[in-house]
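Here is a structure to read alongside its sequence. Keep both in view while you go through the report.

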2 protein chains.
Amino acid sequence: MDSSPLSQLTVHDATLRDGQHAVQHQLDVPQLRAYAVAASAAGVPVVEVGHGNGLGASSRQIGYARLDDVTMLETVREALPAGASRMGVFMVPGWGTGADLRQAASCGADVVRIAAHCTETNVMRRHLGIARELDLEAQAVLLMSHMTGAERLAEECRRAVEYGAQAVGIMDSAGHYLPAEVTERINAIVTAVDVPVIFHGHNNLSMAVANSIAAVEAGARVIDACARGFGAGAGNTSLEVLVAVLHRSGHGTDIDLPGLLRAADLAHARLMDRPPVLDSASLASGLAGVFSGFKLQVLAAAGAAGVDPLEVFAELGRRQVVAGQEDLIDEVVRSLKAAS
Amino acid sequence: MDSSPLSQLTVHDATLRDGQHAVQHQLDVPQLRAYAVAASAAGVPVVEVGHGNGLGASSRQIGYARLDDVTMLETVREALPAGASRMGVFMVPGWGTGADLRQAASCGADVVRIAAHCTETNVMRRHLGIARELDLEAQAVLLMSHMTGAERLAEECRRAVEYGAQAVGIMDSAGHYLPAEVTERINAIVTAVDVPVIFHGHNNLSMAVANSIAAVEAGARVIDACARGFGAGAGNTSLEVLVAVLHRSGHGTDIDLPGLLRAADLAHARLMDRPPVLDSASLASGLAGVFSGFKLQVLAAAGAAGVDPLEVFAELGRRQVVAGQEDLIDEVVRSLKAAS
């Protein structure tokens, strides 16, 4: 790799944002501070923080976070030494607004991820523009990206760049990909845009690290991961395993692995009851291509109705349900119950 | 794939043997029976059972199993319906003897794995011969196979076939491989022998499933796995994830996935305190290429001496320590303590 911006590899640490899904967004100030200090000491370049669904998402439907956005951002900002790790935030337009972006900027956010369903880049336009005006690094990510193909993803990413995105990419929100599928999509996106390409994996098929390596080898240059895989369902890409495997694969980063293992041990001990487990529900969810964040609600609704949760995941997959359509879980459970 | 014996894919379920490492070989009769029934109902072709280190290995140095070999084998034999899953056993010459093989045959074992360090196939010769005389299916596996290269492994496997092995292959005992390394080795072995080739993975680098798929795509036809990855350290290849991913990758098996998920849920609930976790110690062990079974002893010895366990793994890796050399753990801990 040469040293041009497109060739530098950035590991984007989503522990304090995507990990929140695993604890119903209940991380507190000492937890945020301790992890941010440890991650920064290891040289992690970006520490993302917030409600699991991003800025403005704390709500009755999705779940209230323990802390408001300002408290979360100010805590992490103070914990990150000047000139060390940058602070990232995540926002889905609709849950978050332009006002949330301005607030995040005033709290010292450096990088903002604007996210939308994989075929809906157009909804990001205004917020990518606001992020650029605020002089944040504006990134765009496509959710549930397995639901469309490589050409469409490349076209959506090209459009996001037109809207001002300075990095673009895809999330495997359901943990559905196998490496060859990642390779095909990242290849198409890398060919279509001239900004760094992002990949964000989940581990429902035990492929999060392998998929991330496939993404890097296809040209992706921003890879998301969480300490010990902290995240919903089967969890995210394990940050420390990713970095170790990147180093072994000849893709160097500036991250100090022993320091990163200390940060992961701290996360394991202090942020989570237990690390994510790839259990049968998570596997069924990944196979069916269902958003990882649905798992606990599916298990609760299926359990209450006496319906096989694996059939609920399969039917949700057939209906191509996406995040925000949680109400359909109950409808699917009722229809399976009626048919049984 | 055509239907010749070399093209059929056999998933070899090591839950009740390799999983024993995670519970100090303490599985009891109801646990063995319940899992064997569930695995067989799902159509798993081979159910392996025994002490984690195989026939004859129950001992003070390695750890006593709760049950003797005859009790374990008779329990599983009775639980497997006639004509359904075959019963497998594992044996390392030295821990096990010819008498152990005869006893296993009289208990109804169908398949026997003879194992040796990756460069020591010669020590398998007599026992492979005995297994053939007993009309068992004789398989040979090379332990800690990352410690030598593709050509040497192919040569060792070729020799095992000369000695009578009807299937041969490699174990990634330390969980050290990345997929390309598996591809290279399996390619070389498949070219060298005309019997089915075996791959057995561990998950220390989060690559157990990806490595197993790489092995299949390079021509391996017997793949080991354990329910929920039950096994030492970071665990083995997850059986149910492997089968799901094989099916998605176009490599069919005759295993019923919903039934397999029920077996995995039973294993999760009844065989293990908790599923294996890919923690920092397991990651360090895999990176250093240290046998997965050393983990608990390293953590205990390092903890008692106040030495960083990650440094102990690194030094054990540099010394190329293999299973059976557990005494060196204390020596390494003492030397690191003295140097600190």
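**Basis**

This is a predicted model, in which local features need pLDDT of at least 70 and side-chain atom pairs count only at pLDDT 80 or more, while totals for chains, interfaces and linings use all residues. Residues are numbered from 1 along each chain as its sequence is written, chains are lettered from A and ligands numbered from 1 in the order in which they are written, and side-chain values use heavy atoms, with hydrogens and water left out.

**The interface between chain A and chain B**

Contact here means heavy atoms within 4.5 Å. By that rule, 30 residues of chain A touch 30 residues of chain B. Interface size is often expressed as the accessible area lost when the parts come together. Buried area is that loss (1.4 Å probe), summed over both parts. For chain A and chain B the value is about 2400 Å², with 70% of it on carbon and sulfur atoms. In chain A, the residues that lose the most area to chain B are A:Arg248, A:Ser280 and A:Leu283. Together they account for 24% of what that side buries.

Two salt bridges are counted between chain A and chain B. A salt bridge is a side-chain nitrogen of Lys or Arg within 4 Å of a carboxyl oxygen of Asp or Glu. The side chains of B:Arg248 and A:Glu181 form a salt bridge at 2.5 Å, N to O.

Which helices of chain A each supply at least two residues of the side that touches chain B? They are α7 (208-217), α8 (239-248), α9 (257-270) and α10 (280-288). Helices (H or I, at least four residues) and strands (E, at least two) are DSSP runs, numbered from the N terminus. The side of chain A that touches chain B has 19 nonpolar, five polar and six charged residues.

**Nonpolar cores**

A nonpolar core is a set of buried Ala, Val, Leu, Ile, Met, Phe, Trp, Tyr and Cys residues joined through side-chain atoms within 4.5 Å. Buried means under 20% relative accessible area, exposed over 50%, and partly exposed in between (1.4 Å probe, protein chains only). The largest core holds 184 residues, and A:Leu16 and B:Leu16 touch the most other members. Beyond its neighbours within four places in sequence, A:Leu16 contacts residues including A:Leu27, A:Tyr35, A:Val49 and A:Leu271. Another core, of 21 residues, lies apart; among its members are A:Phe294, A:Ala302, A:Val312 and A:Leu316.

**Salt bridges within the chains**

Over all chains, the structure holds 32 salt bridges. Three of them are listed here.

| Pair | N to O distance | Relative accessible area |
|---|---|---|
| A:Arg17 and A:Asp18 | 3.4 Å | A:Arg17 2%, A:Asp18 5% |
| A:Glu315 and A:Arg318 | 3.0 Å | A:Glu315 17%, A:Arg318 60% |
| B:Glu156 and B:Arg152 | 2.7 Å | B:Glu156 1%, B:Arg152 38% |

A:Arg17 is buried, and A:Asp18 is buried too. A:Glu315 and A:Arg318 sit three residues apart in helix α12 (residues 309-318) of chain A, so about one helical turn separates them. A:Glu315 is buried, whereas A:Arg318 is exposed. B:Glu156 and B:Arg152 are four residues apart in helix α5 of chain B, again about one helical turn. B:Glu156 is buried, whereas B:Arg152 is partly exposed. Shared partners join A:Glu155, A:Arg158, A:Arg159 and A:Glu162 into one salt-bridge network.

**Single residues to check**

A:Asp135 is not a glycine, yet its phi is positive, about 65 degrees. A:Asp135 lies in the loop between α4 (125-133) and β5 (137-143) of chain A. Is A:Asp135 buried or exposed? A:Asp135 is exposed, at 70% relative accessible area.

B:Met144 also has a positive phi, near 50 degrees. Its place is the loop between β5 (137-143) and α5 (150-162) of chain B. B:Met144 is buried, at 2%.

A:Ala338 belongs to helix α13 (residues 327-339) of chain A. A:Ala338 is exposed, at 68%. From A:Ala338 to A:Gln139 is 199 residues in sequence and 45 Å in space, C-alpha to C-alpha.

How values were computed. Buried area is the accessible area (1.4 Å probe) that two parts lose on being put together, summed over both. Ala, Val, Leu, Ile, Met, Phe, Trp, Tyr, Cys and Pro count as nonpolar, Asp, Glu, Lys and Arg as charged, and the others, Gly among them, as polar.
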